[in-house]
Amino acid sequence: MSSLTIREVSKSFGTASVLRKINVDIEDGEFVILVGPSGCGKSTLLRMIAGLEKTTSGEISIGSRMVNDLPAKARDIAMVFQNYALYPHMNVAENMAFSLKLKGAGKDEIKRKVDRAAEILGLGALLDRYPRQLSGGQRQRVAMGRAIVRDPRIFLFDEPLSNLDAKLRVQMRTEIKALHQRLKSTIVYVTHDQIEAMTMADKIVVMHNGTIEQIGAPLDVYDRPANLFVAQFIGSPAMNMFRGRLAADGRPGVETTEGIRLPITHAPAGAQGRHVVYGVRPEHIALDPDGLAAEIVVVEPTGPETQVTLRIGVAECVAIFRERIMAGPGDTIFVKPDSKLCHLFDAETGERLTMQ
């Protein structure tokens, strides 16, 4: 295990800038997830950590050693790929042992390490099977086992669950998190799925257009997004947004262009009349007979909760209620955003505003 330091790292392909001045500190034993939409540069950054891509500028250090000029095989990392990358002519045990054989490890050491990884991952009964005889989840566990036997300083995961169905993704999320807790290993994990990032990571790095938007613990990023992009990317369903301006009458509130007043507890000092974006998460909108009139557009019951698309004025938003809604499309209900849990962002820059 080891720490990982990324300092001022940039990457360009010709004149196209893919990553710009990336700075991340990853502690020994930390589970860090790089998350962002397709094309944000997260997989390119992972490949540079692995040594599969060269940096254009900046430094990458594993422990106290800068590794920019080290080839991938000398960095003591193990990578788990999206497509498993198993050898079809080798059984599970042979796939897991292959890297150890290349290093010239003895038979006893290979057997000990393969048996240990198989026990950790529940593969003991599958060691004689071939990849074609395994399910997608079992193949992914074999790919993880191949990484574990190497006992690397850092594990790298490149969207390892994207080929699995929904049920298997949930199962494998739990298994990977349990694996990290058991091994206490340093993990850098890439995904575009913010649910994976929220449920698995010690720390998430939110990326967009080749830059880092925010770094923090999952719940810190969820509760205090740094800007509009993070607010709308992290969370499913996404945060609701209303454009307006801070009330000029001295009372806390945001007035939309239609004259609808949205509640806040405190306004930023000296910001009366300022154009803002008002954000509230779906679970922070409650039924309230004294609230805002909202027309129901769509009702989506999920069992434990009901997701409702509403129209307030001309703006649509989503609310999540724990109680059952005895109303349907076209009906009017009354709702109220929680003023203590709303968010304000500058309408021009998108940056978060602090409410005094």
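This is a predicted model: local features need pLDDT of at least 70, side-chain atom pairs count only at pLDDT 80 or more; totals for chains, interfaces and linings use all residues.
Two strands count as paired here if DSSP finds at least two bridges between them. Helices (H or I, at least four residues) and strands (E, at least two) are DSSP runs, numbered from the N terminus. With that in hand, meet strand S15 (residues 285-301), which is joined to S16 by six bridges, the two running antiparallel.

Residues are numbered from 1 along each chain as its sequence is written, and side-chain values use heavy atoms, with hydrogens and water left out.

**The whole chain**
- You'll find eight helices and 19 strands in the chain.
- Its C-alpha trace spans about 80 × 45 × 35 Å along the principal axes.
- Of the 356 residues, 48% are buried (under 20% relative accessible area, with exposed meaning over 50% and partly exposed in between; 1.4 Å probe, protein chains only).
- Take the contacts (heavy atoms within 4.5 Å) between residues at least 6 apart in sequence: 66% of them join residues at least 24 apart.

- Val 299 has Val 308 in S16 as its bridge partner.
- S16 (residues 306-312) has five of its seven residues buried, so the rest of the structure largely encloses it.
- Next comes strand S17 (residues 315-321), which pairs with S16 in the antiparallel sense over seven bridges.
- Thr 306 sits opposite Phe 321 in S17.
- The hairpin of S16 and S17 has two residues between the strands, and Gly 313 there takes a positive phi near 70°.

**A six-stranded open sheet**
- The order is S6-S7-S8-S3-S9-S10, and the pairing is mixed.
- At the edges are strand S6 (77-80) and strand S10 (211-216), each pairing on one side only.
- S6 and strand S7 (residues 154-158) pair in the parallel sense, with four bridges.

**Helix H1**
- Helix H1 (residues 42-50) is mostly covered, with seven of its nine residues buried.
- The buried ones include Leu 45, Leu 46 and Ile 49.
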